[in-house]
There are 2 protein chains.
Amino acid sequence: MNSAESAVETIQREMTIFARRARASAGRMHPELSLVSYTLLSHLEEQSGCRATDLAAHYALDKSTVSRQVAALERTGLIERRLDPEDHRVQVLHLTEAGEEILTQVTHSRRAAFHERLADWPEEDLVRFAAYLERYNAGRGDSGPA
Amino acid sequence: MNSAESAVETIQREMTIFARRARASAGRMHPELSLVSYTLLSHLEEQSGCRATDLAAHYALDKSTVSRQVAALERTGLIERRLDPEDHRVQVLHLTEAGEEILTQVTHSRRAAFHERLADWPEEDLVRFAAYLERYNAGRGDSGPA
DNA sequence: GGTTCAAGTTGTACTATACAACTAGAACGC
DNA sequence: GCGTTCTAGTTGTATAGTACAACTTGAACC
């Protein structure tokens, strides 16, 4: 096995380890906001609001799943739905103030955790690692290995 | 924000994207072997057998979770339990032949998917990316961001 | 104006998970 | 040596996240 192949093996193994750990620890870090909820809120913030269907498409989730997630986030007051006046089937989702606050807070604490984890990395390596990850994730739609 | 900080932001964002996708697609890639089952079987192969408690500790899972996973894997004939003659509380878990076959098969197909994904990367970048991931995952036990 | 399409909800089922209570067996203290 | 305490594992119960299928409601298009 040449070194490119063995690097691919390592990438596979380490990505798998990461995915498993992320799954296991996601709920423990921020009991008030699961990884899924967090990514949904982030998306709403980035997009300044969007439809449930857009969330489902973007995250490759079933619309029923999104519907329930959205219902839960509305129940806890983190988002609100506004009927699209153009099309009454559509609910445009927006962060509430409470939602923005919690999102900010969780973002900060996640950021702090990543910073701590990466504290002793030289800047050059951080920049390169970041670029590799972007390239990896950009490398496809949503099939393939994770 | 300096470039180290913005690299950390990127790493955080991309790792989060990866973790979410992994979760969403894990079950779809290999319906016959979930990501968790796959990692448990891999561990058994690497270790040439181990105890349920070791799996729980290694993967930061509750022992009840492991107990049920193990029961399922035994039911489908992929692993077997052997009572430790030294200590009758202990069940040493081993892959069966069927387990080894399926593990090999899934490993190959995961490997192929990663290879395809990384096909157009220069070897130098693969090697560096692999090293960064190892370093990242080695960076702690099982707290912190995913 | 009926047919077809799109957005979302609800019923149902399944998997992965944790925590707590329990059983069975081992080890230690005196 | 026998009670206390520790360890390995199972089972009961609850929860989150997910999918698929059936349905409702509204829009669009002949």
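Colleague: Where in chain A is the place of Ser48(A)?
Modeller: In this predicted model, local features need pLDDT of at least 70, side-chain atom pairs count only at pLDDT 80 or more, and totals for chains, interfaces and linings use all residues, while side-chain values use heavy atoms, without hydrogens and water. Residues are numbered from 1 along each chain as its sequence is written, and chains are lettered from A and ligands numbered from 1 in the order in which they are written. Helices (DSSP runs of H or I, at least four residues) and strands (DSSP runs of E, at least two) are numbered from the N terminus. On that numbering, the place of Ser48(A) is the loop between H2 and strand S1 (50-51) of chain A.

Colleague: Is Ser48(A) buried or exposed?
Modeller: Accessibility is judged with a 1.4 Å probe on the protein chains only: under 20% relative accessible area is buried, over 50% exposed, and in between partly exposed. Because its relative accessibility is 56%, Ser48(A) counts as exposed.

Colleague: What is the phi of Ser48(A)?
Modeller: Most residues other than glycine have a negative phi. Ser48(A) is not a glycine, yet its phi is positive, near 55°.

Colleague: What is the phi of Ser48(B)?
Modeller: Ser48(B) sits in the loop between helix H2 (35-47) and strand S1 (50-51) of chain B. With 56% relative accessibility, Ser48(B) counts as exposed. Although Ser48(B) is not a glycine, its phi is positive, about 50°.

Colleague: In what order do the elements of chain A run from the N terminus on?
Modeller: Chain A holds 6 helices and 3 strands. Starting at the N terminus, their order is α-α-β-α-α-β-β-α-α.

Colleague: What percentage of the residues of chain A count as buried?
Modeller: Among the contacts (heavy atoms within 4.5 Å) in chain A with a separation of 6 or more, 50% join residues 24 or more positions apart. Of the 146 residues of chain A, the buried share is 45%.

Colleague: Which three residues supply more than any other three of the area that chain A buries against chain B?
Modeller: The contact takes 58 residues from chain A and 59 residues from chain B. Buried area is the accessible area (1.4 Å probe) that two parts lose on being put together, summed over both; between chain A and chain B it is about 6,500 Å², with 64% from carbon and sulfur atoms. A 12% part of what chain A buries against chain B comes from Phe18(A), Arg117(A) and Tyr132(A).

Colleague: Which residue of chain B meets the side chain of Arg135(A) in a salt bridge?
Modeller: A salt bridge requires a side-chain nitrogen of Lys or Arg within 4 Å of a carboxyl oxygen of Asp or Glu. By that rule, 4 salt bridges are counted between chain A and chain B. In one of them, at 3.3 Å from N to O, the partner of Arg135(A) is Asp125(B).

Colleague: Which element gives the most residues to the side of chain A that touches chain B?
Modeller: Across this interface, 13 residue pairs are in polar contact, both at pLDDT 80 or more. A polar contact is a pair of N or O atoms within 3.5 Å; within protein, one must be able to donate a hydrogen and the other to accept it, and residues adjacent in sequence count only if both atoms are side-chain atoms. Two or more residues of this side of chain A come from each of helix H1 (3-29), helix H2 (35-47), helix H5 (97-117) and helix H6 (123-138). The element that gives the most, with 23 residues, is H1(A).

Colleague: Which residues are the closest to DNA strand D?
Modeller: A residue is near a strand if one of its heavy atoms lies within 4 Å of it. DNA strand D is surrounded by 25 residues, of which the closest are Thr53(B), Lys63(B), Ser67(B), Arg68(B) and Arg81(B).

Colleague: Which residue places a polar side-chain atom 2.6 Å from a base nitrogen of DNA strand D?
Modeller: At the phosphates of DNA strand D, an oxygen is 2.7 Å from a side-chain N or O atom of Ser34(A), and a backbone N or O atom of Asp62(A) also lies 2.7 Å from a phosphate oxygen. At the base nitrogen, the residue is Arg89(A).

Colleague: Which residue places a polar side-chain atom 2.6 Å from a base nitrogen of DNA strand C?
Modeller: DNA strand C has 24 residues around it, with Thr53(A), Lys63(A), Ser67(A), Arg68(A) and Arg81(A) the closest. At the base nitrogen, the residue is Ser64(B).
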